[in-house]
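Open the model in your viewer and keep the selection tool ready. We will go from stop to stop.

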Amino acid sequence: MGFSGLRFSALIGAVASARSMTPMASIAAARLLGYRTPGRLVVLDHPLFKFGALAMGVGELFGDKMKSAPDRTVFLGLLALVMSAGIAGAALAPGVGSRPVP
């Protein structure tokens, strides 16, 4: 598995470096539209997660425009970025047994 197998994981990680909830909201929207992701994360099929991720993604876009929005370099903001990138990357990464490793 070269870079071509991980390109979507790398791209969603790049998005997660700018917005913490957008990757999760985009994956939740794709799952609601019936698209499947290569990663098998059970949480992605739970309706509470899907609608919660969409709501948090929209809330983040509006919340960042407020003057009272916290800085992105605070610990909890960085933790959210890392966790979001990890979960979204795992959802888009091909499974270990899906292709032979060259």
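Start with the second largest pocket. Its lining holds 10 nonpolar residues, 2 polar and no charged. Here Ala, Val, Leu, Ile, Met, Phe, Trp, Tyr, Cys and Pro count as nonpolar, Asp, Glu, Lys and Arg as charged, and the others, Gly among them, as polar.

This is a predicted model, where local features need pLDDT of at least 70, side-chain atom pairs count only at pLDDT 80 or more, and totals for chains, interfaces and linings use all residues. Residues are numbered from 1 along each chain as its sequence is written, and side-chain values use heavy atoms, with hydrogens and water left out.

Now select the lining: Met-21, Met-24, Ala-25, Val-43, Phe-49, Gly-52, Ala-53, Met-56, Ala-80, Met-83, Ser-84 and Ile-87. Helices are DSSP runs (H or I, at least four residues), numbered from the N terminus.

Next, select Leu-79. It sits in helix α4 (residues 75–92). Is Leu-79 buried, partly exposed or exposed? Leu-79 counts as partly exposed because its relative accessibility is 34%. Buried means under 20% relative accessible area, exposed over 50%, and partly exposed in between (1.4 Å probe, protein chains only).

Last, go to Val-42. Find it in the loop between α2 and α3. Val-42 has a relative accessible area of 72%, so it is exposed.

Terms used. Helix = DSSP H or I, 4+ residues; strand = E, 2+ residues; numbered from the N terminus. 1 Å grid on protein atoms, 1.4 Å probe; cavity = no way out; pocket = protein on both sides within 12 Å on 5 of 7 lines; lining within 4 Å.
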